[in-house]
Amino acid sequence: MKPIVIAIDGHSSTGKSTVAKKLAKELKYKYVDTGAMYRAVTLFAMRNNWLQNGEVNESKLVENLSSIEINFEYNPEAGTNDVILNGENVEDEIRAMEVSENVSSVAKIDEVRKKLVQIQKQLGDDKGVVMDGRDIGTVVFPEAELKIFMTASADIRAQRRYKELKEKGEDLTFEEVLKNVRHRDEVDSNRENSPLVKAKDAIKIDNSHMSQEEQFETILNLAKERI
Ligand code: C5P
C-alpha cells in the first residue's frame, strides 16, 4: 500500500472537514484543515486592529507575516487537530462568525497565500495526507492522487452552518449565515490568485442530499482504488 495525497476542495460549509477527518482517521493519515490556517491569520489581523468593516490593512499584515507562526497540535480530549497561533490554541476562536466574515478578504492577499501554501506543501511532503481547502487540487498538490470537489446548494450549506453556530451559542439569524456563505462563494470563486475552481481531474460530489456516511463511503472507496 502506497500512501497518497487526498485533496478535498469545495464551497464553504459543504462538510469537507467532517469527511476529511473521518477519512484520515480510517486510513491513519494526517489531516490538514487549510481553512483553519487562513482563519488563524485573519484572527491575528483582527487582534491587531488591521481589519475593519471587512477592509484589511494589507500592508501592515504583509509587513508582519513573518511574526505569525501556525502549527497543528493533536487534542486527545476532543480528538481534533487544533490550530496553534504563535503558541496559543485558537481552535474555538477561529470558528466565530466575525472571523468567517473577514477571512475571504485576508485569503485574497498574495503574500498570505504564498506563506500558507508553502507550509501546506511541507505538511504533505511525505504523502499519507488528507487536506481540505479551496486550492489543494489546483495549486498546493496538483499531482494529488485523489481530488474531490464538494458542493451543495447555498441554502442547505447555510442551514447546516446555522445549526452548528446556534449549538455553539452564537447569536445570529439564518439570513446572516446565508449571506456569509454567498459572500464567501463570491469572493473565493472570483479572486485572481488561486480562485475556487474544480480541478479538471477532480471528482465532483454534490452532497445536498447525501448523508455523512454516504459521503465517507464514496470517498473511501475512491481512495482504496488508488492506494
Ligand atoms: O474551509 P473554511 O470555510 O474554514 O475556510 C475559510 C476561508 O479560508 C474560505 O472561505 C476561503 O476564503 C479561505 N481558504 C482559502 N484557501 C484554502 C482554504 C480556505 O482561500 N485552501
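Is glutamate 101 buried, partly exposed or exposed? Glutamate 101 comes out as partly exposed, with a relative accessible area of 42% (buried is under 20%, exposed over 50% and partly exposed in between, using a 1.4 Å probe and protein chains only).

A note for every view: this is a predicted model, where local features need pLDDT of at least 70 and side-chain atom pairs count only at pLDDT 80 or more, while totals for chains, interfaces and linings use all residues. Residues are numbered from 1 along each chain as its sequence is written, and side-chain values use heavy atoms, with hydrogens and water left out.

**View 1. Glutamate 101 sits in helix 4, residues 97-107.** Helices here are DSSP runs (H or I, at least four residues), numbered from the N terminus. Helix 4 is mostly covered, with 9 of its 11 residues buried. Among those buried are Met97, Val99, Ser100, Asn102 and Val103. Look across to threonine 42: its C-alpha atom is 9.8 Å from that of glutamate 101, though the two are 59 residues apart along the chain.

**View 2. Phenylalanine 44 and tryptophan 50 form one of the 2 aromatic pairs in the structure.** Their ring centres are 5.9 Å apart and the planes meet at 65°, so this is an edge-to-face pair (rings of Phe, Tyr and Trp, the last by its six-membered ring, pair with centres within 6.5 Å; planes over 60 degrees apart are edge-to-face, under 30 stacked and the rest tilted). Both residues are buried.

**View 3. Tyrosine 162 and phenylalanine 174 pair up edge-to-face.** Here the centres lie 6.0 Å apart, with the planes at 85°. This pair links distant parts of the chain, 12 residues apart: tyrosine 162 belongs to helix 7 (residues 154-167) and phenylalanine 174 to helix 8 (residues 174-190). Tyrosine 162 is partly exposed, at 25% relative accessibility.

**View 4. Helix 7 crosses helix 8 at roughly 125°, with the axes coming within 9 Å.** Axes are lines fitted to C-alpha atoms, for helices over the stretch in contact, and angles run from 0 to 180 degrees between N-to-C directions. That angle makes helix 7 oblique to helix 8 (under 35 degrees is roughly parallel, over 145 roughly antiparallel, 65 to 115 roughly perpendicular and the rest oblique). Residues that meet here include Ala154, Arg157 and Tyr162 from helix 7, and Phe174, Val177 and Asp185 from helix 8; contact means heavy atoms within 4.5 Å.

Definitions and conventions
Helix = DSSP H or I, 4+ residues; strand = E, 2+ residues; numbered from the N terminus.
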